[in-house]
Structure formats: C-alpha cells, structure tokens
Amino acid sequence: MSLTAPSSTPSLASSPVIITDPWTPEARQHALNQAVQDHCVAYFGRSLKQRNWSPWHDLPLEEMRERGHQLSEDTRTLIEGFMGVEEYVGDYVQDGLEMFRENRSRRNMHLQWGAEEAKHGVAWELVLQHSQARTEAQIETYLDKVRASRWRPAQHHGINSPLGTTVYAMAQERTTFFHYQEVRARVRHEYGLPLAPTPEERQRGYEIGASEACRVVSRDELAHHSLFLQIVRSALHYLPSLTYETLTQVFSRFEMPAMRFIPNGRAYLRAVRRTNLYSADIHKEKVHDPLLKSLGWDSQEAFEQFVPNAHGLSDHLDLNATQPPLEPLAP
Ligand SMILES: [Fe+2]
Ligand SMILES: [Fe+2]
C-alpha cells in the first residue's frame with residue numbers, strides 16, 4: 001500500500017475523505033508524521049525562497065510618511081491593536097516549543113513560524129511610527145504594557161494538545177488574514193487608491209506605503225493558515241475521530257488571542273465595531289464557513305452530522321507522538 005494514495009471511504013456526501021484500511025494506530029500515526037514532515041519541508045522552501053522579507057529594509061517607509069495624514073484614527077487604532085496581538089509572539093512560541101519538544105519537524109516549524117510572526121509586530125510598529133500615527137514614546141509605552149501580561153494556551157478552549165494547537169492556529173491564521181486584508185482595503189481607500197494594485201505598483205513590484213505592509217504581512221498569514229490547514233487535513237485523514245473531536249472543541253468557543261489584554265483593548269474594540277471589521281456573524285461568514293469548506297464540509301450542518309468513527313477506527317493518538325519505529329503499513 002502506498003502512503004500517498006490510501007484507499008478512502010466512498011462517501012458521506014460533503015465530508016472529508018478518511019482512510020478505511022485496518023491499519024494499526026501506530027501505522028496511521030507514522031503515516032501522519034510523514035505527511036506533516038512533507039508539509040513542513042514544502043513550507044520551509046516557500047518561506048525561505050519566496051516570502052523572505054525584512055520589515056526594516058523592504059517597506060516603503062518614506063511613502064508611509066508622505067501619506068500618514070490620510071489614515072483615519074480608526075485605522076490607526078486597529079493597526080495599534082494588531083501590533084499588540086503580534087507582540088505576544090514570545091508567549092505563543094514559548095508554549096508551542098514546550099508542546100512540540102519531542103517532534104523535530106514541528107519544533108523546527110514552530111521556530112520558523114515564530115521568526116515570521118516576530119516581523120509582523122515590527123511591521124505594524126513601523127507603519128504607526130512612519131505614518132506619524134503614534135510617537136516613538138507612545139509605542140514604547142504600549143509595548144511595555146504588552147509585556148506586563150502574558151498569553152497562555154489555557155486561555156482558549158481546546159488548545160491542550162499539539163493537535164489542538166494546530167487546529168486553533170489554523171482558525172486564528174485565517175481570521176488574522178481576513179482582518180489584515182480588510183485593513184489593507186481601508187488603507188487603500190483612505191489613500192484614495194483602488195483595491196487592486198495600480199499598474200505602477202504592479203510594475204515596481206510593491207504597493208504604496210502602509211498598503212505594502214498589509215500585503216506582505218497578509219501573505220505570511222495566508223501561508224501560515226495554509227500550512228496548518230494541510231496538517232489538519234492530514235490529521236483528519238489518518239486520525240478522523242480525534243481530529244473531529246478537536247475541531248469541535250476549538251470551534252465551539254473560538255476567540256482571537258490576547259484580545260482581553262492588549263493595552264488599547266477598549267479603543268480597539270470600539271474601532272472594530274465602528275468599522276464593522278469583525279463580529280460573530282462576520283466570523284461565521286468570512287472565516288468559519290469557508291474553513292469548513294476547505295476541510296471538506298459544505299455547511300455547519302454537514303460538520304455536525306459527520307460520523308468520524310463510522311468504520312470503527314480507534315485513533316486517539318497524539319500528533320506529538322515521537323516517530324514510531326518503522327513497521328509494515330500493510331494490514
Ligand atoms: Fe502575524
Ligand atoms: Fe501568522
């Protein structure tokens with residue numbers, strides 16, 4: 001039997017494909033570990049060769065300065081909140097490193113992911129500073145306040161395992177991508193630019209001012225989402241019961257990270273409401289339902305009716321398991 005082309009269940013309509021072969025749990029875990037490693041290696045390739053960028057060296061800071069006065073106070077407040085959320089990157093990485101300590105692929109992946117996230121807080125800081133939206137002293141005070149509180153995975157439902165962390169990250173990255181795309185649209189509108197890049201921007205290869213920061217940071221978030229989505233799809237494929245249970249847990253009370261303690265929390269939430277950036281309904285329409293579709297379910301109903309263990313698979317193994325010894329995969 002091939003690892004890359006397992007036979008699949010015919011058909012719960014609008015449901016993800018799961019394997020039906022009577023593999024041992026260890027064999028399925030091994031196949032999943034291999035798939036995760038392949039996803040991570042492919043991710044590293046794209047990240048290091050196609051998405052490598054530096055917030056200090058690659059953003060059009062002078063254009064931010066020229067156009068900063070055009071940004072509304074709501075847009076400035078939203079970007080300040082984004083900076084706050086990104087600045088908890090040390091906490092996000094620290095807990096993940098502990099969780100993935102025994103899994104070399106995921107540990108390395110987590111380090112790379114953290115290095116990319118660390119640039120995002122800097123990018124938003126530079127936007128605020130060079131747009132003259134906040135002074136250096138204001139930013140320093142803000143960052144001091146960020147450090148005064150600590151994000152922990154236990155603040156979220158379902159992040160109590162490596163798989164839970166991955167499922168949460170998949171949803172969080174998609175939500176973040178959506179938010180940054182929305183703010184890019186606001187920035188472009190306030191700059192008096194069309195949503196799509198102008199011919200001049202296309203020709204020179206980067207967007208104007210803060211729009212470029214939104215573009216490159218969004219591109220990272222989408223790549224993060226895609227990686228975690230691929231890992232969750234593979235987990236669903238090989239460990240359907242455990243993965244379905246974890247998806248149900250994380251989706252049931254999903255909340256974006258650090259919302260309750262970013263320093264400008266109240267102003268940020270007021271700006272979110274005023275600009276209609278995000279709400280429970282928007283999350284369902286723009287994040288949750290498309291995410292379910294990406295995983296293979298046409299609707300929330302189809303997701304709720306899914307029966308992952310219809311074929312008697314017992315798969316409560318952990319993504320964090322160390323690589324099991326090689327063994328034959330055939331039944
Ligand atoms: Fe980020
Ligand atoms: Fe991200």
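Hi everyone. Let me start with helix α8: 24 of its 30 residues are buried, so α8 is largely enclosed by the rest of the structure. Please keep in mind that this is a predicted model.

Staying with α8 for a moment, the helix covers residues 162–191. How far apart are its end C-alpha atoms? They are 42 Å apart, which agrees with the 44 Å that 30 residues should span at 1.5 Å a residue. Just after α8 comes Gly 192, which takes a positive phi of about 80°.

Now let's step back to the whole chain. Of the 331 residues, 41% count as buried. Among contacts with a separation of 6 or more, 83% link residues 24 or more positions apart.

Next, the inside. The largest nonpolar core has 67 residues, and those with the most contacts inside it are Ile 79, Val 127, Val 167, Ala 213, Val 232 and Ala 235. Which helix gives the most to this core? That is α10, residues 210–238, with 13 residues. Let me pick out Ile 79: setting aside neighbours within four places in sequence, Ile 79 is in contact with Trp 124, Val 127, Leu 128 and Val 183.

Another helix to look at is α6, which runs over residues 104–130. Its 27 residues reach 40 Å from first C-alpha to last, close to the 39 Å expected. After α6 you will find Gln 132, with a positive phi near 55°.

Ala 42 sits in helix α1, residues 25–50. Is Ala 42 buried or partly exposed? It is partly exposed, because 13 other C-beta atoms lie within 10 Å, whereas a buried residue needs 20 or more. Ala 42 and Leu 227 are 185 residues apart in sequence, and their C-alpha atoms are 9.1 Å apart in space.

Finally, a word on confidence. The chain averages a pLDDT of 87, and 87% of the residues score at least 70. Where does pLDDT stay under 50? One stretch is residues 310–314, for which the model has five contacts beyond four places in sequence. Another is residues 316–331, with 36 such contacts in the model. Where pLDDT is low, the predicted coordinates should not be read in detail.

Key:
Residues numbered from 1 in each chain as written. Chains lettered and ligands numbered in written order. Predicted model: local features only at pLDDT ≥ 70, side-chain atom pairs only at ≥ 80, totals over all residues. Buried ≥ 20, exposed ≤ 12 C-beta atoms within 10 Å, placed from the backbone. Contact = placed C-beta atoms within 7 Å. Core = buried A, V, L, I, M, F, W, Y, C linked by C-beta atoms within 7 Å. Helix = DSSP H or I, 4+ residues; strand = E, 2+ residues; numbered from the N terminus. Expected span 1.5 Å × (residues − 1). pLDDT = per-residue confidence, 0-100.
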